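Subject: Structure handover

Hello,

Here is the structure for you to work with. My notes follow it.

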Amino acid sequence: MTLSEHYFHINPKMSDAPLYQQIHDNLMDLIDNNLLQSGDALPSERVLSECYDVNRMTVRQAIDNLVQKGLLFKKQGAGTFVSEKRAVPSFTPSVTGFSQRIRESGGTPSSRLLSRDLLTPDAVLSHRLQLQPDEQVIMIKRLRLVNDEPLMLETSYLSHALFPRLLTENIENQSLYHLLEDIYNMGIVEAEHTLEPTLPNAFEARQLSIDLNQPAMLVRVTAYSVDHIPIEFSKSVIRGDRSRYYLRVNTRKPIIT
C-alpha cells in the first residue's frame with residue numbers, strides 16, 4: 001500500500017450511514033482538502049475495496065455517485081480521475097451580495113432576469129418590509145449562475161415607493177446592493193437569514209437543471225439599512241449539490257453548561 005492509500009479509510013463504527021455513503025464522503029473530503037487534486041487517478045476498484053474493506057460493488061456505487069456529481073470522471077481503459085474543480089461557494093450568512101460572495105470563492109457570477117413585476121404584497125410581505133397598506137413592491141426574479149452553471153433561483157421584493165428606478169434599471173448582471181448604494185445611497189448593513197431544506201417545484205427544478213427529488217436549500221433573507229429599515233426581502237432556492245453554508249460562532253466568554 002502506497003502512502004496515499006492510507007487516506008482511503010472509513011470507520012463503520014463511527015457512523016450509521018451506509019458504507020457506500022461513508023466512502024463517498026471520504027473521497028469528497030480528500031478532494032475538498034486537495035489531497036486528491038484535479039487530474040489525479042484513483043486507485044483501482046480492487047485496491048479501494050481492500051483499503052475500505054468492502055466489496056467492489058460498494059466502492060463502485062460511491063464512485064458512480066461522485067461521477068454523477070461531476071467530481072470524478074472515468075476514462076475507458078484508463079481508470080477514474082478527479083475532475084477539474086468547480087467553484088462551490090461557501091455561503092456565510094452576511095450582508096455581502098451574491099456576486100461578491102461568488103468572486104471571493106473563485107467563481108464567475110452571472111444572472112438571467114426571468115421576470116420583474118409591480119405587485120400588491122400580501123400581509124406577511126408588507127409586515128416584513130414595514131410597508132403602508134397601499135404600498136406596492138417590485139418583485140425581481142433572477143437565475144443566478146456560477147461559471148455559467150445554474151446555482152440559485154432568487155426572488156427579491158423591494159418597496160416601489162422607495163426604489164422606483166429598480167423597475168426599469170438594467171439589473172441582469174449588476175449587483176442589486178451596489179445599485180441601491182449608487183442610486184439611492186442606501187447601504188445594506190444588517191441581514192437576517194433563515195435556512196431550511198426543501199425539494200424544488202417543477203419550475204425551480206427546470207431553471208436549476210435538477211431533478212424534482214433532488215434536495216435544495218431554501219434561504220430567506222431580510223436586509224436592513226443602517227437605520228434598521230428593511231430594504232429587501234428575498235427567497236432563494238439553491239442547489240444542494242453545488243453549494244454549502246458555513247457558520248462560525250464565537251464568544252469572548254466561556255460557555256458554561
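Helices (H or I, at least four residues) and strands (E, at least two) are DSSP runs, numbered from the N terminus.

Some ground rules. This is a predicted model, in which local features need pLDDT of at least 70 and side-chain atom pairs count only at pLDDT 80 or more, while totals for chains, interfaces and linings use all residues. Residues are numbered from 1 along each chain as its sequence is written, and side-chain values use heavy atoms, with hydrogens and water left out.

**Helix H1**

Buried residues in H1 are Gln22, Ile23, His24, Asn26, Leu27, Leu30 and Ile31. Buried means under 20% relative accessible area, exposed over 50%, and partly exposed in between (1.4 Å probe, protein chains only). Just after H1, Asn34 has a positive phi of about 60°.

**Salt bridges**

The whole structure has seven salt bridges. Each is a side-chain nitrogen of Lys or Arg within 4 Å of a carboxyl oxygen of Asp or Glu.

- Lys74 and Asp64: the closest N and O atoms are 2.9 Å apart. Lys74 lies in strand S1 and Asp64 in helix H3, so the pair ties together parts ten residues apart in sequence. Lys74 is partly exposed at 43% relative accessible area. Asp64 is partly exposed too, at 30%.
- Glu154 and Arg142: the N to O distance is 3.3 Å. Glu154 lies in strand S6 (residues 149-159) and Arg142 in strand S5 (residues 137-146), so this pair ties together parts twelve residues apart in sequence. Glu154 is buried, with 9% relative accessible area. Arg142 is buried as well, at 3%.
- Glu169 and Arg165: the side chains meet at 2.8 Å, N to O. Glu169 is buried at 19% relative accessible area. Arg165 is partly exposed at 44%.

There is also a network. Salt bridges with shared partners join Arg142, Arg144 and Glu154.

Best regards
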